[in-house]
Amino acid sequence: MEHVRGPKMTAATDSVLRLLLLDPAREMYGLELVRAAGLATGTIHPILARLEACGWLESRWEDLDPHAAGRPRRRYYRLSPDGVVGAARAVDRRASVAARPQRLPGGVVAEGST
Amino acid sequence: MSSGFPAGPTSRSVVAESARLRAVELARSEGAILADSLALASTALAAIRFRSRHPAMECAEVRALGLERLPNSDYLGLVVQRLCTELGRSHSRQTWLAAVEEQAAEIEAMLQLAVTMTSVIDVAGELDLPLSQVTAVQTGARAGLSAIARMREHLHTVETGVVRVPRPEPVVRVAGALPSWSAQWLVQLAGRLLPGSVRDRYLEEFTSELCELADADLGAGAQFAHAFRLAVRAWSLRRSLPSAATLRPADGWRRRRVPPRADGAGRHAATHTSNGLRHGVQRWQRRREARTILRYQARQKARNQTAEDRVKGEWPKRHRNS
């Protein structure tokens, strides 16, 4: 299914996408992503759900027998082929917007935040 | 010490709905199993039929066996394919069940015939075929019959709505530290805030994170904070889910309005009469009117009797004894 609009790009989404774009083939689970992106634990799932709903992410369960391993399975995420293209564009767009000089009240021009 | 981990949704309606959807999925997977199990059997069946029709086998003994009654493998494959198509279609529940049941019954009849014939007749000996061909037919057909029996159970679940949800066996922690009970409780709460269709998935995901935090020797406070953030963001997660996860299926198990029964009996009988009154009220009004009429008639009768008595010069009966 083709999605015309991408997900809502927040700073957290941006950092997650940047992280995933470092190695698009690599699968990461939620807590791993949170730690690597420097987000607060427990905040990643809405972002992942949005990205998955857009078709940018693919997910699968860990190949593991929970009873044998004594722990529940992890859910692994990675960028889909469409997601790699879409995420790269979205991250670039956000970076260019952030780098654009902003005009503050009083005619002062501020440099981009990145 | 062992600990039980989330065992899935608890809301009855959500359980029923998700279990019914699961039954549909299981029936579909049984259809795929049926197709797989019959793949080898169909080849062997075709070989047997071909051999029985071979000119070398044109003799009275072979003809007497009636092997032409063996199911045609091509047709069998076609019906199985039709069954899989029907299983994958989205119809209303009754139409879906009827279509699937029809195909399943036909396949079952063919497989039973194949099993019976190959058991009664020494096909391998009569046709000079390897025994493995007959074994393949029997094995495949029996596996197919088992798949159909299991599929019927799932269809029954879908049809009646009586669902037996096997409670997932709790994962027992054999290694690592246990998450704190308060964090587990909060994770369960967060799971309950999610739609039933995705609840199991996220509960397992949340719990795996909690276990990992516990394994990393993070204290109960950190675990609680993690679970709290999960619970707080459960609404956000719910909104972020694709709409299909939060909606019922289009062909689905939506409660349908049942039309009133023709005999007017039962709870679906028309509750209002043509004059806009409910049946009960109308009955009560009619009884009251009947009582009034009877009283009026009795009064009239008494009045007429009194008048007659006066005409006759007799004292009214009721005052006669006083």
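Which residues of H2(A) are buried? The legends below take up this question and others for a predicted model.

**View 1. The buried face of helix H2 in chain A.** The buried residues of H2(A) are A:Gly30, A:Leu31, A:Val34 and A:Ala37. Viewed along the axis of H2(A), these buried residues lie within an arc of 140°, so they line one face of the helix. Within chain A, the buried residues of H2(A) pack against helix H1 (11–22), strand E1 (28–29), H3 and strand E3 (75–79). Helix H8 (196–215) of chain B is also among the elements they pack against. After H2(A) comes A:Gly38, which has a positive phi, near 75°.

**View 2. The side of chain A that touches chain B.** The contact draws 19 residues from chain A and 24 residues from chain B. On the side of chain A, two or more residues each are given by helix H2 (30–37), helix H3 (45–53) and helix H4 (66–69). H3(A) provides the largest share of that side, 5 residues. Sorted by class, the side of chain A that touches chain B holds 7 nonpolar, 7 polar and 5 charged residues.

**View 3. The largest nonpolar core.** In soluble globular proteins, nonpolar side chains tend to be buried together. The largest nonpolar core has 38 residues. Those touching the most other members are A:Leu48 from chain A and, from chain B, B:Val187, B:Ala190, B:Phe206, B:Leu210, B:Ala227 and B:Leu230. H8(B) contributes the largest share of this core, 8 residues. With neighbours within four places in sequence left aside, B:Ala227 is in contact with B:Ala183, B:Leu186, B:Val187, B:Ala190 and B:Leu210. Another core, of 32 residues, lies apart from the largest one, and its members include B:Leu45, B:Ile107, B:Leu127 and B:Val134.

**View 4. The open sheet of chain A.** Strands of a sheet pair through backbone hydrogen bonds, either parallel or antiparallel. In chain A, 3 strands form an open sheet in the order E1-E3-E2, with antiparallel pairing. E1 and strand E2 (57–61) of chain A stand at the edges and have a single partner strand each, so one side of each is left without a neighbour in the sheet. The antiparallel pairing of E1(A) with E3(A) extends over 2 bridges. A:Met28 has A:Tyr77 of E3(A) as its bridge partner, and A:Tyr29 has A:Tyr76. E2(A) and E3(A) run antiparallel and are joined by 5 bridges. For A:Glu58, the bridge partner in E3(A) is A:Arg78.

**View 5. The two faces of strand E3 in chain A.** In a regular strand the side chains alternate between the two faces of the sheet. The covered face of E3(A) consists of A:Arg75, A:Tyr77 and A:Leu79. A:Tyr76 and A:Arg78 form the uncovered face of E3(A). A:Tyr77, on the covered face, is the bridge partner of A:Met28, while A:Arg78, on the uncovered face, is the bridge partner of A:Glu58.

**View 6. Chain A as a whole.** The secondary structure of chain A amounts to 5 helices and 5 strands. Along the sequence these follow the pattern α-β-α-α-β-α-β-α-β-β. Of the 114 residues in chain A, 30% are buried. Among the contacts in chain A with a separation of 6 or more, 51% join residues 24 or more positions apart.

Note on methods. Residues are numbered from 1 along each chain as its sequence is written. Chains are lettered from A and ligands numbered from 1 in the order in which they are written. This is a predicted model: local features need pLDDT of at least 70, side-chain atom pairs count only at pLDDT 80 or more; totals for chains, interfaces and linings use all residues. Two residues are in contact if their C-beta atoms, placed from the backbone, lie within 7 Å. Helices (H or I, at least four residues) and strands (E, at least two) are DSSP runs, numbered from the N terminus. Ala, Val, Leu, Ile, Met, Phe, Trp, Tyr, Cys and Pro count as nonpolar, Asp, Glu, Lys and Arg as charged, and the others, Gly among them, as polar. A residue is buried if 20 or more other C-beta atoms lie within 10 Å of its own, exposed if 12 or fewer, and partly exposed in between; C-beta atoms are placed from the backbone. The arc is that of the directions from the helix axis to the C-beta atoms. A nonpolar core is a set of buried Ala, Val, Leu, Ile, Met, Phe, Trp, Tyr and Cys residues joined through C-beta atoms within 7 Å. Two strands pair if DSSP finds at least two bridges between them.
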